[in-house]
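Reader: Could you walk me through this one before I set anything up? I'd like the cut-offs along the way.

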Amino acid sequence: MQEKTQSEIGDTGASAAESIAMVSFRDWDEKKKKDDQPNVPPARYPSRSGSSKYDFVKVKVWLGENADHYYVLSRFLLSRMLTVTKIPNHVAIKIALELKKLLVDNSLLDVSQSDLEANLFKLMERRGYGEEYINRYKMMTRFHHQRVPLVILVCGTACTGKSTVATQLAQRLNLPNVLHTDMVHELIRTSTDAPLTSTPVWARDFNSPEELIKEFCRECRIVRKGLAGDLKKAMKDGKPIIIEGIHLDPSIYLMDEEKRDSSDKTAEKAETDNSLTQENSADTTKNFLAEDPSSQSKKLSSSQAEETSFSPATETRDELPNETESQNTTTIKKEKTAAEPIIIPIVLRMAEFDHKALLEEWIATRAFGDESLMQDRQKLINNLKTIQDYLCSFEPQGINVVNISASTFTQTLDTLHNYLLQCIERGVSAASGQAEKAAQES
């Protein structure tokens, strides 16, 4: 190893001393700047979740006459419930927070449902949301407690705002389930042997409008079968659901409702027959099937296990004891007293000029299997208009046809919100009357 000269050692020592001096001066300068600055606390930004210290305190709300069940009060869910009554979202959030503060500050950590609602209604009235909004809240509470099935159908052709309206109504009514028929159609087409094509029905060539409507209805029936599981679950569990899309034919769901009424009459007839002897019951069955052998027998074979429980009771009457007969009668009564579903079809319609402009822009961005059809945009628009006229033809039968416009979209949503609340109120009133009648009969 070579030894360093005296000059090299001196240069190294000098550079080291300069470095130490520089570091010391920088530290002193930073310390001086900190001392000169005022003592300001670090900035605090609001939480994105909007949480409050009151959210860390649990409030138990007890249910039932004996207060044997409870749930933990959720400020978020309460505010969502308030928006259903048409209280603005920002006001609903404030009312929910005020209620939580009131309960926590007064150490009311265990409260009954009636006391909770009493305090809530006072806060609502204080903010100017009085009897009308309180009645809506009570009505929606009964709706959820009675588990009344609700099915909202948002029908219409392309570019009428079906998805937007369905999503907005789901938010306003606090309904979590929105099904899109386009997705169901594509899933059935790609995963089953159903006779469906990738080219939409309105993008195909037909000899007449009647032929177009016939094919449209056929595809709607196929999609209806694909929705059968979701609809059955909604009916059984009492869960609300919104279905939107072009593959919705209101006549199919009107027929479903008529069949349901017919099955209810069958169940009522079966309940009466169960109180008779076996001989009379067998005669009644023969008379019932003799009315229309082709249709009634099919109806019984498809619904006997799920809805009426008519045939099992009559077939095993010789073998079952009286106790089992009473159980069958009880089962029929339970099925009979189940809440009637609320089915609300809505057809969206747009002014011809606005609709045509939107359709031309939308068609330009789409890809179809037949390029020749793509060239004839007017034919596509005419097909869509034919389907729209068919959907609007159900207006005389009581289906609500709503005119959609970009300039009045918010007002249209408010109108639909009111309309749906009125339909729900009628359904809840009918369910309450049915429950009272069943209680008197029992």
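Author: A salt bridge here is a side-chain nitrogen of Lys or Arg within 4 Å of a carboxyl oxygen of Asp or Glu. By this rule the count comes to eleven salt bridges. This is a predicted model, in which local features need pLDDT of at least 70, side-chain atom pairs count only at pLDDT 80 or more, and totals for chains, interfaces and linings use all residues. Residues are numbered from 1 along each chain as its sequence is written, and side-chain values use heavy atoms, with hydrogens and water left out.

Reader: What does D55 form a salt bridge with?

Author: D55 pairs with R75, and their closest N and O atoms are 2.8 Å apart. D55 lies in the loop between α1 (6-36) and β1 (60-63) and R75 in helix α2, so the pair ties together parts that are 20 residues apart in sequence. Helices (H or I, at least four residues) and strands (E, at least two) are DSSP runs, numbered from the N terminus.

Reader: Switching topic, at what angle do α7 and α8 pack?

Author: Helix α7 (residues 181-191) and helix α8 (residues 209-226) pack at about 90°, with axes 9 Å apart, where axes are lines fitted to C-alpha atoms, for helices over the stretch in contact, and angles run from 0 to 180 degrees between N-to-C directions. That makes α7 roughly perpendicular to α8, a term that covers 65 to 115 degrees.

Reader: And which residues meet there?

Author: T181, V184, H185 and I188 in α7 meet E219, I222, V223 and G226 in α8, contact meaning heavy atoms within 4.5 Å.

Note on methods: Angles under 35 degrees count as roughly parallel, over 145 as roughly antiparallel, 65 to 115 as roughly perpendicular and the rest as oblique.
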